[in-house]
Amino acid sequence: MRISARAPLRLLKCDRGLAALEFALLAPALLALVFSVIVYSIYFTAQIGVRQAAAEGARAAVAGLSIGERVTLAQERAQAVIDNYGSLLGGKSQPQITAGAGDTSGTFRVEVRYDMSGSPIMKYGAFVPLPDSNVAASVTVTNGGY
(Lines give C-alpha, C1' and ligand atoms only; values in the text may rest on other atoms or scores of the structure.)
Protein backbone atom coordinates (compact mmCIF):
# COMPACT_ATOMS: atom_id res chain seq x y z
CA MET A 1 0.00 0.00 0.00
CA ARG A 2 1.35 3.29 -1.04
CA ILE A 3 0.74 6.49 0.95
CA SER A 4 0.14 9.44 -1.25
CA ALA A 5 1.57 12.84 -0.61
CA ARG A 6 -1.91 14.21 -0.11
CA ALA A 7 -2.81 12.02 2.89
CA PRO A 8 -1.16 14.23 5.58
CA LEU A 9 -2.80 17.30 4.11
CA ARG A 10 -6.14 15.59 4.19
CA LEU A 11 -5.69 14.79 7.91
CA LEU A 12 -4.87 18.42 8.70
CA LYS A 13 -8.09 19.59 7.07
CA CYS A 14 -10.25 17.01 8.85
CA ASP A 15 -12.26 18.45 11.75
CA ARG A 16 -14.06 15.28 12.88
CA GLY A 17 -13.72 14.84 16.65
CA LEU A 18 -12.51 18.39 17.18
CA ALA A 19 -15.39 19.19 19.55
CA ALA A 20 -14.51 16.18 21.72
CA LEU A 21 -10.88 17.28 21.85
CA GLU A 22 -11.84 20.84 22.83
CA PHE A 23 -14.15 19.49 25.52
CA ALA A 24 -11.42 17.24 26.89
CA LEU A 25 -9.03 20.19 27.11
CA LEU A 26 -11.43 22.79 28.52
CA ALA A 27 -13.73 20.75 30.79
CA PRO A 28 -11.24 20.33 33.67
CA ALA A 29 -10.57 24.06 33.79
CA LEU A 30 -14.27 24.93 33.70
CA LEU A 31 -15.16 22.36 36.36
CA ALA A 32 -12.34 23.63 38.59
CA LEU A 33 -13.68 27.16 38.18
CA VAL A 34 -17.24 26.11 39.09
CA PHE A 35 -16.12 24.13 42.14
CA SER A 36 -13.85 26.94 43.33
CA VAL A 37 -16.77 29.38 43.14
CA ILE A 38 -18.83 26.99 45.26
CA VAL A 39 -16.02 26.47 47.79
CA TYR A 40 -15.34 30.18 48.20
CA SER A 41 -19.04 31.03 48.48
CA ILE A 42 -19.35 28.60 51.39
CA TYR A 43 -16.23 30.08 53.00
CA PHE A 44 -17.50 33.65 52.61
CA THR A 45 -20.88 32.61 54.03
CA ALA A 46 -19.12 31.31 57.13
CA GLN A 47 -17.13 34.53 57.39
CA ILE A 48 -20.28 36.63 57.14
CA GLY A 49 -21.99 34.43 59.73
CA VAL A 50 -19.18 34.91 62.23
CA ARG A 51 -19.19 38.68 61.66
CA GLN A 52 -22.95 38.82 62.08
CA ALA A 53 -22.74 36.78 65.29
CA ALA A 54 -20.19 39.21 66.75
CA ALA A 55 -22.27 42.23 65.71
CA GLU A 56 -25.52 40.77 67.07
CA GLY A 57 -23.81 39.82 70.32
CA ALA A 58 -22.47 43.34 70.72
CA ARG A 59 -25.90 44.82 69.97
CA ALA A 60 -27.53 42.58 72.54
CA ALA A 61 -24.90 43.52 75.14
CA VAL A 62 -25.92 47.18 75.01
CA ALA A 63 -29.12 46.29 76.87
CA GLY A 64 -27.26 44.91 79.89
CA LEU A 65 -26.84 46.92 83.09
CA SER A 66 -23.74 45.21 84.49
CA ILE A 67 -20.72 43.57 82.89
CA GLY A 68 -21.96 40.11 83.87
CA GLU A 69 -25.35 40.71 82.32
CA ARG A 70 -23.75 42.11 79.16
CA VAL A 71 -21.49 39.07 78.83
CA THR A 72 -24.44 36.70 79.20
CA LEU A 73 -26.59 38.59 76.69
CA ALA A 74 -23.76 38.83 74.17
CA GLN A 75 -22.81 35.16 74.37
CA GLU A 76 -26.39 33.93 74.13
CA ARG A 77 -27.20 36.10 71.11
CA ALA A 78 -23.96 35.27 69.30
CA GLN A 79 -24.53 31.55 69.88
CA ALA A 80 -28.11 31.87 68.58
CA VAL A 81 -26.87 33.48 65.36
CA ILE A 82 -24.24 30.77 64.87
CA ASP A 83 -26.89 28.10 65.48
CA ASN A 84 -29.11 29.69 62.81
CA TYR A 85 -26.36 29.29 60.24
CA GLY A 86 -26.31 25.57 61.05
CA SER A 87 -24.75 23.39 58.40
CA LEU A 88 -23.66 26.34 56.25
CA LEU A 89 -20.66 26.74 58.53
CA GLY A 90 -19.81 23.17 57.75
CA GLY A 91 -17.77 22.25 60.79
CA LYS A 92 -19.02 20.51 63.86
CA SER A 93 -16.90 22.60 66.21
CA GLN A 94 -18.36 25.09 68.63
CA PRO A 95 -17.51 28.78 68.29
CA GLN A 96 -15.38 30.53 70.86
CA ILE A 97 -17.34 33.55 72.04
CA THR A 98 -15.53 35.94 74.33
CA ALA A 99 -17.16 39.06 75.68
CA GLY A 100 -15.95 41.60 78.16
CA ALA A 101 -14.76 45.11 78.76
CA GLY A 102 -13.12 46.72 75.75
CA ASP A 103 -9.61 48.13 75.44
CA THR A 104 -10.73 51.64 76.34
CA SER A 105 -12.98 52.60 79.21
CA GLY A 106 -16.69 52.72 78.51
CA THR A 107 -16.57 50.09 75.75
CA PHE A 108 -17.61 46.47 75.49
CA ARG A 109 -16.01 43.98 73.09
CA VAL A 110 -17.42 40.77 71.63
CA GLU A 111 -15.15 38.39 69.73
CA VAL A 112 -16.29 35.26 67.89
CA ARG A 113 -13.86 32.63 66.56
CA TYR A 114 -14.86 29.61 64.55
CA ASP A 115 -12.60 26.77 63.41
CA MET A 116 -13.58 25.47 59.97
CA SER A 117 -10.87 22.79 59.76
CA GLY A 118 -13.53 20.07 60.09
CA SER A 119 -15.60 21.54 57.29
CA PRO A 120 -15.96 19.58 54.04
CA ILE A 121 -14.76 22.55 51.99
CA MET A 122 -11.45 22.49 53.82
CA LYS A 123 -11.08 18.79 53.03
CA TYR A 124 -12.36 18.67 49.46
CA GLY A 125 -11.40 22.18 48.43
CA ALA A 126 -7.70 21.35 48.40
CA PHE A 127 -7.44 21.97 44.66
CA VAL A 128 -7.89 25.72 45.20
CA PRO A 129 -5.82 27.84 47.56
CA LEU A 130 -7.92 28.45 50.66
CA PRO A 131 -7.50 31.06 53.37
CA ASP A 132 -6.96 30.20 57.02
CA SER A 133 -9.50 27.80 58.50
CA ASN A 134 -9.92 29.98 61.61
CA VAL A 135 -12.55 32.63 60.99
CA ALA A 136 -12.71 35.45 63.55
CA ALA A 137 -14.53 38.73 64.03
CA SER A 138 -14.70 41.25 66.85
CA VAL A 139 -16.99 44.20 67.50
CA THR A 140 -16.60 46.93 70.08
CA VAL A 141 -19.53 49.05 71.24
CA THR A 142 -19.90 51.76 73.84
CA ASN A 143 -21.60 50.89 77.11
CA GLY A 144 -24.36 53.39 76.48
CA GLY A 145 -25.05 56.97 77.42
CA TYR A 146 -23.70 60.07 75.73
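Does S133 count as buried or exposed, and at what relative accessibility? The points below work towards the answer and then beyond it.

1. Basis of the note. This is a predicted model, in which local features need pLDDT of at least 70 and side-chain atom pairs count only at pLDDT 80 or more, whereas totals for chains, interfaces and linings use all residues. Residues are numbered from 1 along each chain as its sequence is written, and side-chain values use heavy atoms, with hydrogens and water left out.

2. The opening question. At 16% relative accessibility, S133 counts as buried, where buried means under 20% relative accessible area, exposed means over 50%, and partly exposed is in between (1.4 Å probe, protein chains only). S133 lies in the loop between α4 and β3, and, if residues up to four places away in sequence are not counted, it touches Y114, D115, M116, S117 and M122; contact here means heavy atoms within 4.5 Å.

3. Overall layout. The protein has four helices and three strands, and along the sequence they follow the pattern α-α-α-β-β-α-β. Helices (H or I, at least four residues) and strands (E, at least two) are DSSP runs, numbered from the N terminus. Of the 146 residues in the protein, buried residues make up 30%, and among the contacts with a separation of 6 or more, 61% are between residues 24 or more positions apart.

4. The pair α2 and α3. Helix α2 (residues 18-61) packs with helix α3 (residues 67-85) at an angle of about 150 degrees, and their axes are 7 Å apart; axes are lines fitted to C-alpha atoms, for helices over the stretch in contact, and angles run from 0 to 180 degrees between N-to-C directions. The two helices, α2 and α3, are therefore roughly antiparallel to each other, given that angles under 35 degrees count as roughly parallel, over 145 as roughly antiparallel, 65 to 115 as roughly perpendicular and the rest as oblique.

5. Residues between these helices. In α2 the residues that meet α3 include T45, I48, V50 and A53, and their partners in α3 include R70, L73, A78 and Y85. The residues of this contact of α2 with α3 divide into eleven nonpolar, four polar and three charged, where Ala, Val, Leu, Ile, Met, Phe, Trp, Tyr, Cys and Pro count as nonpolar, Asp, Glu, Lys and Arg as charged, and the others, Gly among them, as polar.

6. The nonpolar core. The largest nonpolar core has 26 residues, of which V50, V112 and M116 touch the most other members; such a core is a set of buried Ala, Val, Leu, Ile, Met, Phe, Trp, Tyr and Cys residues joined through side-chain atoms within 4.5 Å. At least two residues of this core come from each of α2, α3, β2 (107-115), α4 (120-124) and β3 (134-142), and α2 gives the most, with eight residues. Leaving aside neighbours within four places in sequence, V50 is in contact with I82, V112, Y114, V135, A136 and A137.

7. Two further residues. I97 lies in strand β1 (residues 96-101) and is buried, with a relative accessible area of 14%; although I97 and A78 are 19 residues apart along the chain, their C-alpha atoms are separated by 7.4 Å. N143, found in the segment after β3, counts as partly exposed at 22% relative accessibility, and from C-alpha to C-alpha N143 and T107 are 5.3 Å apart in space while being 36 residues apart in sequence.
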